[in-house]
Amino acid sequence: MRVLFLTNEYPPNVYGGAGTHVDYLSRYLSKLVQVEVRCFGDQMRHAERLRVRGFSFNASELCCPRSLRSVFGALQRCLDFNTIGVDADIVHCHTWYAYFGGIVAKLNYGIPLVITVHSLELLRPWKGEQLGRGYDFTCWLEATTLRMADAVIAVSLETKRDILRLFGLPEHHVHVVYNGVDLDEYTPMQGVGTLRSYGIDPSQPYVLFIGRITRQKGMIHLVRAIRHFVAGLQVVICAGAPDTPEVEMEIRSAIARVQQLRQWRILWIQKMLDVRSKVELYSHASIFICPSIYEPFGIINLEAMACGTAVVASAIGGIKEVVVDGITGFLVPFRQSPDIPGPIDADQFELDLAVRVNTLMADAVLRQKMGTAGRLRAEGTFGWNVIARQTQELYKRLAEL
């Protein structure tokens, strides 16, 4: 079987969970089937069972509003994906950036189309700040592609429920295949060289956040919650790739205000780190915190758990299927309005985050117990070899139709 992946992100150009997913899934699937990846960039790799080809496009030359450049750039590369010819049995697309390419391949080459839903545009209205009217287009493209797909993969049960609710697809067309974690790479690490290089004191406990600077990740709630943290605590925020300059400035101002109180040591690493550096940060953190306001899966929580770290996270979306409340960490109640993104009572949510952090910081035995349980859960449910086999079985069923 020959499978064609179409994606925006692929190493070394990875800035989110979808890119991490495509990276590992393509590698593990290539042990079972022939995989070709076409992505945004200049990548080029020709291994025996995994081929990668990047497609570049200079969107800055487009004579259109800046907010639309990424939209039209994506459409152009989706055409380029197809004009060099497709020799595959399945086309499998990841994120809206690649959806148009999947439609073109399905209709012109007559092959089944599989979509993995890493997030839903309809549930991310803040993307309008980044894309302008292009957000209306990406919502239309999402709905059109999901209804045309031969199979849709949801990364959690919660995401499947959202898809069925929003798009009215037949339930048998939507399959749940979780994200995974590489248990050999994401494993507790002893070294502290990365910590020292960023000014983190390895002899002192710290709370860790890793993620993109986007409203989805709830960074503003984390920064505000710090005011309720026990005094003297280190807080390490590893965040880059801002959606917009305005969102970055909002976070920068909020961090500056908290730093002026001089009760906590706040370190902001303003870039996306490589895997080894992330593993070291996860491994030595006392707590990993994930205050997301929307999260179809939350792969960062799984990475932290695999590294033996207790998690405090929003009780939202797929996070509830990854973090076991009271066992691998704490889930923080999150009441959300159907019309406005974010918690109904932000002050209470931020206070609840801090209460759970402070509870764990006061109990090293509980932190250790939760960290151990998290590693065991990652090993038992979320290995990429299992996820690759589940994906291959779906391909086989489609090929037999």
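**Aromatic rings**

Tyrosine 97 is buried at a relative accessible area of 13%, where buried means under 20%, exposed over 50% and partly exposed in between, with a 1.4 Å probe and protein chains only. A word on the source: this is a predicted model, local features need pLDDT of at least 70, side-chain atom pairs count only at pLDDT 80 or more, and totals for chains, interfaces and linings use all residues. Residues are numbered from 1 along each chain as its sequence is written, and side-chain values use heavy atoms, with hydrogens and water left out.

Rings of Phe, Tyr and Trp (its six-membered ring) pair if their centres lie within 6.5 Å; planes under 30 degrees apart are stacked, over 60 edge-to-face, and the rest tilted. That rule gives 13 aromatic pairs. In one, phenylalanine 40 and tyrosine 97 are edge-to-face, because their planes are at 90°, with the centres 6.1 Å apart. This pair links distant parts of the chain, 57 residues apart: phenylalanine 40 is in strand 2 (residues 34-40) and tyrosine 97 in helix 3 (residues 96-109). Helices (H or I, at least four residues) and strands (E, at least two) are DSSP runs, numbered from the N terminus.

Phenylalanine 40 is also buried, at 6% relative accessibility. Ring pairs join Phe40 and Tyr97 with Phe55, Phe81 and Trp96 in a cluster. What sits over the ring of phenylalanine 40? The charged end of arginine 77 does, 4.0 Å from the ring centre; the term requires NZ of Lys or CZ of Arg within 6 Å of the ring centre and within 35 degrees of the ring normal.
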